[in-house]
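Dear colleague,

Please find the structure below, handed over for your study.

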Amino acid sequence: MGVEEAAEIVGCLRASFRSGHTKPRAWRVQQLEAVLMLLQDREKEIQQAVYSDLAKPPYETFTGEVALVENACKLAVKKLKEWMSPEKVSTSFALYPSSAEIVPEPLGVVLVIAAWNFPFLLAMDPLVGAVAAGNAVVLKPSELAPATSNLLARLIPFYLDNSAVCVVEGGVSETSALLDQKWDKIFYTGSSRVAKLVMAAASKHLTPVTLELGGKCPAIIDSSADLRVACRRIAVGKWGNNNGQACISPDYILADESIVHKLIETLTSTLKEFYGEDPRASPDLARIVNFSHFTRLTKLLDHPSTESTIVHGGQRDEKNLYIAPTILLNVPCDAPIMKEEIFGPLLPILTVKTVDEAVNFVTARPKPLALYVFTKRKSVKDVVLRDTSAGGMVVNDTMLHFVVLDLPFGGVGESGMGAYHGKHSFDNFSHRKAVLRRSFFADILARYPPYSSLKQRL
Ligand code: NAD
């Protein structure tokens, strides 16, 4: 697809949006119900497609992708009337008589660009917000998850309104052609490298952007933590969600030095409980998405600064794109694995002496998308909450803030801008129009020229 074809697609959607037919609540509910029907009819096909792209266990695709889209849709159907209603605000006595309200309106024609790691969720979740808010949408799934991209391109025209929702498949050239167009919003999920290109393209038209990016998400573990529970929750957040290929996977651990050996022992035994003696044979561990990411990860492991720090795992099988769950201890801070987002099954543990040292480590680096802290001490929770900044934070667990629909999900600083989920998705794709209503009654002449000397003294 070239620039001309992209322009034609956007032109058709814009005409459709201008006709006004995406604005009524009935249309929005119809589209959301169509998504619910798609989920119900095609659950197995979705699981197969994601399996074919990532060898992701079907259970993970259900709990971490399909069910989340379903929840988002159901909430939007239930709450849409309330979300669409104007919000009354008070006006000052000086404006008497008057009334004021905030009226949410759709932005227009929006572009959603998705990443490959949760290829169904990251395409459909923003799309749900966009149609709930009454927009026309172009969805560009990731070419690195081709089976899911293909499935979306096949199913969406079958279930949703073709005149207002459209899927464009492709990679860099197709996305570039789309980015060349004028949009009313671009919602992008992916790397910060590409986010800069997205933002530069958007700036040509002053198009607002939401950027859902990544980074290195730390997990701080202090000596009071219940290590059995903490290790299960860290292991499921790291290896149980797409084998570490998730934006909110714990990227590294900052552990109190007094518990580090017990921590490694417990994490290792948790891994055995989850995936057996030979994780390669486990059906519950996703594979690395492709050879290029496999090579990137093995290079991180084989770097001279890192090789000797492996305390568990490290095995790999290139033919099957498998890398074992791997734990590393006290990797030097300037090693590549501590410089870039890992996005894979490698988990470095660094020791700290105090919680302040952990906090200083985190704040000396770009603000993460998520931060986890495991502790029973109120003082530690308070310090970490007060003295660090992150897109989201979870105390004594990992990743679960993503599923709380009333919490805004998004980054801060280098981990992104803008947020979505639940009502936040609706707001993300809406403009909150300020409306002041007055009558012709009580027209106070003092505000009009000429400003006589009497008026100036008032
Ligand atoms: P990516 O940036 O390579 O690709 C994302 C999208 O951008 C794809 O649809 C791709 O086709 C498109 N794209 C790639 N190169 C492009 C170019 N040169 N010009 C225009 N478009 C281009 O990202 P990825 O590898 O798919 O995703 C991994 C990153 O995404 C990680 O950093 C991860 O943390 C982040 N992520 C964030 C979230 C979140 O919700 N915050 C979720 C998942 C992944």
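**The ligand and its surroundings**

Around the ligand there are 28 residues, of which Thr 175, Gly 190, Val 194, Gly 214 and Cys 247 come nearest (a residue is near a molecule if its C-beta atom, placed from the backbone, lies within 6 Å of it). This is a predicted model, in which local features need pLDDT of at least 70 and side-chain atom pairs count only at pLDDT 80 or more, while totals for chains, interfaces and linings use all residues. Residues are numbered from 1 along each chain as its sequence is written.

The helices α6 (172–179) and α7 (192–203) each supply at least two residues of this shell (helices are DSSP runs of H or I with at least four residues, strands are runs of E with at least two, and both are numbered from the N terminus). The largest share, 3 residues, comes from α6.

**The sheet**

Three strands form an open, antiparallel sheet in the order β1-β2-β18; two strands pair if DSSP finds at least two bridges between them. The edge strands, each pairing on one side only, are β1 (87–89) and β18 (430–438). Strand β2 (residues 98–106) pairs with β18 over 9 bridges, and Ser 98 has Arg 438 of β18 as its bridge partner.

**Two helices**

The axes of α2 (residues 25–54) and α5 (residues 146–159) come within 9 Å and cross at roughly 165° (axes are lines fitted to C-alpha atoms, for helices over the stretch in contact, with angles from 0 to 180 degrees between N-to-C directions). Therefore α2 is roughly antiparallel to α5 (angles under 35 degrees count as roughly parallel, over 145 as roughly antiparallel, 65 to 115 as roughly perpendicular and the rest as oblique).

With kind regards
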